[in-house]
Amino acid sequence: MATAPKQPIISIQNVTKRFGAVAAVDNVSLDIMPGEFFVLLGPSGCGKTTLLRMIAGFEVPTEGRIVIDGQDMAHVPPNKRPVNMVFQSYAVFPHMTVTENVGYGLRIARVPSSEIKSRVEEALALVKLDGFGGRRPDQLSGGQRQRVALARSLVMRPKVLLLDEPLSALDAKLRAAMQFELADLQEQVGITFVTVTHDQDEALSMAGRIAVINRGLVAQLATPSDLYEFPTNRFVADFIGSVNLFDGRLVVDEPDRAVVNAPEIGRIYLNHGVTGPHDANIHVALRPEKIAMIPEAKGKPSAPECPEGDNIAHGQIRGMSYLGDITIYEVKLDSGRVIRVSRPNLSRYDQEDFTWDDKVWLSWHGSSPVVLLS
């Protein structure tokens, strides 16, 4: 007997939110599945926080509807929705202990004292704050206060946890550690997390799926790897990670090969078709780590995986940035265009392979460039 398809825990259906003449969210439709770690990602002012606030009930859609767990939320106030929200500022009560903060919602809901005690202890254990119950917020680090806010939300056992820029107040090292902890916590509790962030690395490291928002629209909805490797438009390619973008014309497009004429870097050969209109103006995205670089003195490289032509360019190193695990090079091509190339530092001496003003050859595989039709 076939298993019935899973129903979304959140269904956003043709939702628009206008503030005056401005559409902060513009006819957005998407489904979020039970147990999913879903991220709304985009630059400041793109509409992602407005969308999150509409799910929470703090904003009302101008058009469209939001369904949570099968129920239309049109007339359901925030405190009656099966969601809980962790705010960017954490909003913990400074005059209460950790235990009092975490149990606050349960006391308001008139849960028996014995149950409050056990549920608070369980929530603190989940966020690794056992033994911190008697402390006040000013005795905690930023990361610990964030965990208190998480525990206070989780103790209510919501079906959906909404997080608004939950890591933005933390320093870089703690932020990176908390990304893994949040993902692990979501896996443990098994409830749906919907997170808003403008940080691409944060989104890529935590999410199962990401909706990239631009000017109130969903630019692309996909897994982190698909967003990075297969962006569908120029905005997503440029916003997710680092990329070199070239304008060009599609001059050959067949099922197993394509050729793009890009004046700034030369002809770009692909070992697959792109199903685009012949002689169309397009964009080509090439990630810095996909580009191989060798000194000019070693001779011109070849790229046998592209039998019709080699993906090769010549240039000169005009900038270097050593970041520990990788070094980023700025290479000025013969056309005058400056592009980025990144190389992993696999040994302690890799950074000495190249230096300023070295002349170099660049090459890339025929599967590496991504053709963008918009």
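Predicted model: local features only at pLDDT ≥ 70, side-chain atom pairs only at ≥ 80, totals over all residues.
Let's start with a strand pair: β12 (residues 257-262) and β13 run antiparallel and are joined by five bridges. Residues are numbered from 1 along each chain as its sequence is written, and side-chain values use heavy atoms, with hydrogens and water left out.

Zooming out, β12 and β13 belong to an open sheet of five strands, ordered β13-β12-β11-β14-β20, with antiparallel pairing. The edges are β13 (266-270) and β20 (370-372), each of which pairs on one side only. From one strand to the next, the twist averages 40 degrees.

Another open sheet has four strands in the order β2-β1-β4-β5, again with antiparallel pairing. Here β2 (22-32) and β5 (71-72) are at the edges with a single partner strand each, so one side of each has no neighbour in the sheet. Inside this sheet, β1 (residues 10-19) pairs with β4 (residues 63-68) over five antiparallel bridges, and S11 sits opposite V67 in β4. Helix α1 (residues 48-56) packs on the sheet and touches β1, β2 and β4, where contact means heavy atoms within 4.5 Å. The direction of α1 makes about 120 degrees with that of β1; axes are lines fitted to C-alpha atoms, for helices over the stretch in contact, and angles run from 0 to 180 degrees between N-to-C directions.

Strand β7 (residues 160-164) has five of its five residues buried, so the rest of the structure largely encloses it. (Buried means under 20% relative accessible area, exposed over 50%, and partly exposed in between, with a 1.4 Å probe and protein chains only.) In a regular strand the side chains alternate between the two faces of the sheet. In β7, V160, L162 and D164 are buried on one side, and L161 and L163 are buried on the other. Strand β6 (residues 83-86) pairs with β7 in the parallel sense over four bridges, with V83 opposite V160. Five bridges also join β7 to the parallel strand β8 (residues 192-197), and there D164 has V196 as its bridge partner.

R119 counts as buried because its relative accessibility is 11%. Leaving out residues up to four places away in sequence, R119 touches L106, V111, V155, M156 and R157.

A search of the whole structure turns up one cavity of 30 Å³ or more, and the largest cavity holds about 90 Å³ of space. On a 1 Å grid over the protein atoms alone, a cavity is a set of points where a 1.4 Å probe fits but cannot get out, and lining residues have an atom within 4 Å of a point. Grid points are joined across faces, edges and corners, and a volume is the space filled by probe spheres set on the points. The elements giving two or more residues to this lining are α4 (142-154) and α5 (172-189), and α5 gives the most, with six.

Terms used: 1 Å grid on protein atoms, 1.4 Å probe; cavity = no way out; pocket = protein on both sides within 12 Å on 5 of 7 lines; lining within 4 Å. Pairing = 2+ DSSP bridges.
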